[in-house]
Structures are given as C-alpha cells and as structure tokens.
Amino acid sequence: YTMNFPSGASIFLLISAACTVFLFSLFPITDFDIWFHLAEGKLMIQNWYFPYTDVFSYTAQGAANYPNSWGFTVFSYAAFKIWGLDGLNIIKAAFPALIFCLIAFFLYRQKLLTWFGLAFSLVALFSMREGLSLRPHTFAYLPFAGFLLALSWYRDTRSTKAIWFLAGIQFVWVNLHASSVLGPAIAFLFLISETFQRKKLDKKNVLLTGSVFAASFLHVFYGPSYLFRIVTEFFTPSAQAPIREALPITVESLLSLQGVILLSLPLLVFLAYKKRHYEFIVFPLALLAVSFFNGRFLRELTVFLAVALPLYIPYSISFLKEKIKWRFDLPAGLAPLSFGILLFVLFLLAKNSPLGIGLGLDRSEYPLNAVNFLKENRILELTKSNLYHTYNFGGYLMWTNQPYGVYIDGRVRPYLGQVF
C-alpha cells in the first residue's frame, strides 16, 4: 500500500499524475464572471482606482460594490495583458496540479505517502472538474489546501514556523477570495479541540489562532471589516441572490462522482475521532450542513476531503491489521499498475467529456456575434439607449461593450434589492 519512493516508477507516476490533473483542469473558457474580473482589473491597474461603488452598470450606478477577489482580479488582468486568455487559462489549470503536488510532497515528508491516498486525491479533484473554472475560487483552493496541511504540520510538530506559515497563507487567502473566512473558522475549532483534550489553554495554540485572525484583518482595502462583512452577509436574507450558484445542493449532485467522494466523509470522521483530531470532524460536517443551504460549499468540502483523508490512510491500514486481524496484502506491483490505469481512465474521461481538454472559448456560451453586430451598426450610440440582457451575459458585455453600461452582471452586490 505504501509507495517505494523515490524510485524511477514512482517518480514517473507522480509526474504523470500531476500532468493528468493539469490536463483535466484545462478546458475552454465557459465562465461568465472572468470578464467582469478583467474589466475591474483593467480599471484598477490603468487608473489606480479601487471601485468601492459600481461604475459599470446603468441600473446600479454608484451603488456599494465590494470586489472580494481583488488579488485575483488584478492578477488575471496582468496575466491577460502578458499571455492572453489562453495563458491565463493555462495558469488556472496549473493551480489544481499544484494542489496535488503539495499534497504528495506533504505526505512524503510526513511518511504518509500511499498509492490509495494519492488516488483518492486525484479522483476527488476530478469529481469537481466542472467547478475548476477560470474564477477566483479555483485559485483560492491552493491556499485552502496549504492551510490544512500547515495546520497538520503544526499539530504534529508544534513548530512556531508552522504558525507563521499559517498567518502568511491566511494573508494571501484573504486578499484572494471570500472563502478565506474558512481559515479563522478552522483555527478556532483547532483551539477548542486542543483545549478540550489538554484541559487547559495552550499559549502556542492561542498564538496560532490569534495570528490567523490577525491576518484575516489585513485585507488591503477593507481591513478588519472584511471578515465581519463576509460572515454577516451570509446570514442576511436580503444579501442572498436568487442565482443558481447560491441554491442548495440537489439530488443530482449527490448521485454524481462528487457524491461518491462525499461518502468518504463518515470514514474521515471515524479516523479523525480515533486520532482525536476533533476539528477535522466538526469542520467538514459544518461544511456539509451549510451546503444544504448553499451548494457551492460542496466544492470546499471536496477539496477538504482530497487533502485530509490521505493523511489518515496509513493509520486506517494499521487499524485494520491490528484491530480486526486483517492480513491481506496486495501483490507487488499491483498498486502502481492500478494507479497508472487510473490516470489513463481519468484522461480519457476528461478528453471525451462535453468540457473536453483544450484552450480557447466555448463560443456557444457568449454573445460574440450579437456584440459585433451592436458595434458594427453603432446601435447603442445612434439610439442613445441602454442594452437589456440576461444575467450571465453581463460580465462579457462589461468587458467587450465599453463604454456602455450593463443591466446586470455576476458581481451580484450592486444589484441586490430593486434590480433583482
């Protein structure tokens, strides 16, 4: 079950696995929101202006606007100017591959590297493939995974260096995406778990939690108010937009490959309980509970499982051998062979799926010809009128149809209330 690492075969398979993750994360751009990120990024870089209020629509001009993902917004526009859309898409595909490499490296350093653990991480990332779109949450999964692994590092070593790693990761995360609110939540649960076990408050644990919270207050443009605004907005009914992404999980989600991955949650809870890692019990159960109100949190739960479960695989094998006298061993070479076959199967599934593997735009998702028609015939200019359009087309029109304002787009917040 464990890997003979480093050996020629294991190194080759690990590199092949990282390449497989990269390939199944590389597909034509289908996302509607990348365009408003590019428009806002252009505004920030060219004008050194941070849009606290809306400047892109004619329906919510001047309304409060909170670019949660300003770090991604600025980076995506800069990358677009240097490498174009295809280059930006390639960088996006590299982030899930980096997550896999980070998991493999940590498992190797902790002597926890197993074929099954890596295979599970691979399949978990593949199961959420459609969610690995060109959006800030895909980039934010890397600091999320790094945070979980750094916390595990601290738990095992009590290293002060791990605390500073956690604070640094949290600072980057808070300026990248709103999912950074998960960082202080995990740190607080860890503090409660450790205090419950030790029957006293440990100073280093307090330092860890305090450092993570302090880093959460270091949003470059909002400061401490950012964390509180994200939390309060989630529990405010008027801030919940009637869009598909904010809907609860569906039966179809649970009957998918991602649903199969979620079946590993009881196993993780059991193993974490045996190891007395109570924060790794409460946190995923809380994510699952929140997913019943907002289905987007299933992605974070899937990433959590991809990172956390492989940490417990060696312990689960020892538990089976010791507690129930399980003596079955795989024939030599079968595990790496099975792993190689899995890589090939995942590649074929990705290549032959509707998303496929490749670059460019999915032209069926955007009104390319309609925008060209508007521009060629100067319709908005000559009629001095505004354009009415669907929610999903707003971001693309914000980017391609300047200087004319949009009716609505995926930024959501400027339109809450009257426009919706």
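**Entry 1: aromatic rings**

I started from Phe221, which counts as partly exposed at 30% relative accessibility; for this I took buried as under 20% relative accessible area, exposed as over 50% and partly exposed as in between, with a 1.4 Å probe and protein chains only. I note that this is a predicted model, in which local features need pLDDT of at least 70 and side-chain atom pairs count only at pLDDT 80 or more, while totals for chains, interfaces and linings use all residues. Residues are numbered from 1 along each chain as its sequence is written, and side-chain values use heavy atoms, with hydrogens and water left out.

I then counted ring pairs, taking rings of Phe, Tyr and Trp (its six-membered ring) as paired if their centres lie within 6.5 Å, and calling planes under 30 degrees apart stacked, over 60 edge-to-face and the rest tilted. By this rule I found 31 aromatic pairs. One of them is Phe24 with Phe126, an edge-to-face pair at 5.1 Å centre to centre with 85° between the planes. Phe24 belongs to helix α1 (residues 8-24) and Phe126 to helix α4 (residues 115-127), so this pair ties together parts 102 residues apart in sequence; helices here are DSSP runs of H or I with at least four residues, strands are runs of E with at least two, and both are numbered from the N terminus. Phe24 and Phe126 are both buried.

Back at Phe221, I found that its ring pairs with Trp70, again edge-to-face, at 5.1 Å centre to centre and 90° between the planes. Because Trp70 lies in helix α3 (residues 70-109) and Phe221 in the loop between α8 (203-216) and α9 (225-234), the pair ties together parts that are 151 residues apart in sequence. Trp70 itself is buried, at 18% relative accessible area. Both rings belong to one aromatic cluster, made up of Phe50, Tyr52, Trp70, Phe221, Tyr222 and Tyr226.

I also looked for charges over rings, which requires NZ of Lys or CZ of Arg within 6 Å of the ring centre and within 35 degrees of the ring normal. The charged end of Arg229 sits over the ring of Tyr222, a cluster member, at 5.0 Å from its centre. Lys199 places its charged end over the ring of Phe196, 4.7 Å from the centre. Lys199 is found in the loop between α7 (182-198) and α8, is exposed with a relative accessible area of 67%, and has a positive phi near 60° although it is not a glycine.

**Entry 2: salt bridges**

I next listed salt bridges, defined by a side-chain nitrogen of Lys or Arg within 4 Å of a carboxyl oxygen of Asp or Glu, and the structure holds 9 of them. Asp31 and Arg135 meet in one, at 3.6 Å from N to O. This pair links distant parts of the chain, with Asp31 in the loop between α1 and α2 (34-47) and Arg135 in the loop between α4 and α5 (136-157), 104 residues apart. Asp31 and Arg135 are both buried.

Arg411 forms a salt bridge with Asp54, with 2.5 Å between the closest N and O atoms. Arg411 lies in the segment after α19 (394-400) and Asp54 in the loop between α2 and α3, so parts 357 residues apart in sequence are tied together. Arg411 counts as buried at 6% relative accessibility, and Asp54 counts as buried at 1%. Arg411 also meets Asp409 in a salt bridge of 2.9 Å, N to O, and both of these residues are buried. I found that salt bridges with shared partners join Glu40, Asp54, Asp409 and Arg411 into one network.

**Entry 3: the whole chain**

Finally I looked up the overall fold: the chain has 19 helices and 0 strands. Its radius of gyration is 23 Å, close to the 22 Å that the globule rule gives for 420 residues, so the chain is as compact as a globular protein of that length; the radius is taken over C-alpha atoms, and the rule is 2.2 Å times the number of residues to the power 0.38. The C-alpha trace spans about 80 × 50 × 40 Å along its principal axes, and buried residues make up 52% of the 420 residues.
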